[in-house]
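This report sets out the helical architecture, the core and the aromatic pairs of one protein.

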Amino acid sequence: MRDEIEKNVYVVSPLKKICMTIGELPTSYLETMTYYEMLVWFTNYLRDVIIPTVNNNAEAVIELQELFVKLQTYVNDYFD
């Protein structure tokens, strides 16, 4: 009985799992996607969503560092 249960386990590839968890596509479509379609979707998702978000965060960190330097200069010069 246990052998029959273990044989029916469905293993999802890591790429398909990523596409299914972060994707906005219906699950029924994701089940039928080829490996090439998943790679194209994932690269488009990286290009359109992830990379702009990382770039915005990097710009915000640079701006924060510049403001910190201004504040530090102001504090150091205040007592002079």
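The model is a predicted one. Within H4 there is a bend of about 35 degrees, located at Leu-46.

**Overall composition**

The secondary structure of the protein comprises four helices and zero strands. Read from the N terminus, the order of elements is α-α-α-α. Of the 80 residues in the protein, 10% are buried. The accessible surface amounts to about 7,100 Å², and carbon and sulfur atoms account for 61% of that area.

Which residues of H4 are buried? They include Met-38, Trp-41 and Tyr-45. The buried residues of H4 pack against helix H2, which covers residues 14–22.

Nonpolar side chains in soluble globular proteins tend to be buried together. In this model, the largest nonpolar core consists of six residues, namely Leu-15, Cys-19, Met-33, Met-38, Trp-41 and Tyr-45. H2 and H4 are the elements that supply two or more residues to this core. The largest contribution comes from H4, with three residues.

Apart from neighbours within four places in sequence, Met-38 is in contact with Leu-15, Lys-16, Cys-19 and Met-33.

Is Ile-18 buried, partly exposed or exposed? Its relative accessible area is 35%, so Ile-18 counts as partly exposed, given that buried means under 20% and exposed means over 50%. Between Ile-18 and Met-38 the separation is 20 residues in sequence, and their C-alpha atoms are 9.4 Å apart in space.

**Aromatic pairs**

How many aromatic pairs does the structure hold? There are two, and the geometry of each is tabulated here.

| Pair | Centre-to-centre distance | Angle between planes | Arrangement |
|---|---|---|---|
| Trp-41 and Tyr-45 | 5.3 Å | 15 degrees | stacked |
| Tyr-74 and Tyr-78 | 5.9 Å | 45 degrees | tilted |

The assignments follow from the angles: planes under 30 degrees apart count as stacked, over 60 as edge-to-face and the rest as tilted. The 15 degrees between the planes of Trp-41 and Tyr-45 therefore makes this pair stacked. For Tyr-74 and Tyr-78, the planes lie at 45 degrees, so the pair is tilted.

Why are Trp-41 and Tyr-45 separated by about one helical turn? Because they are four residues apart in helix H4, which runs over residues 35–78. Tyr-74 and Tyr-78 also lie in helix H4, four residues apart, or about one turn of the helix. An α-helix has 3.6 residues a turn, so residues three or four places apart point the same way.

The surroundings of the two pairs can be set side by side.

Definitions and conventions. Residues are numbered from 1 along each chain as its sequence is written. This is a predicted model: local features need pLDDT of at least 70, side-chain atom pairs count only at pLDDT 80 or more; totals for chains, interfaces and linings use all residues. Side-chain values use heavy atoms; hydrogens and water are left out. Buried means under 20% relative accessible area, exposed over 50%, partly exposed in between (1.4 Å probe, protein chains only). Accessible areas come from the Shrake-Rupley method with a 1.4 Å probe; for residues, only the protein chains shown count as cover. Rings of Phe, Tyr and Trp (its six-membered ring) pair if their centres lie within 6.5 Å; planes under 30 degrees apart count as stacked, over 60 as edge-to-face and the rest as tilted. The bend at a residue is the angle between axes fitted to the seven residues ending there and the seven starting there. Contact means heavy atoms within 4.5 Å. A nonpolar core is a set of buried Ala, Val, Leu, Ile, Met, Phe, Trp, Tyr and Cys residues joined through side-chain atoms within 4.5 Å.
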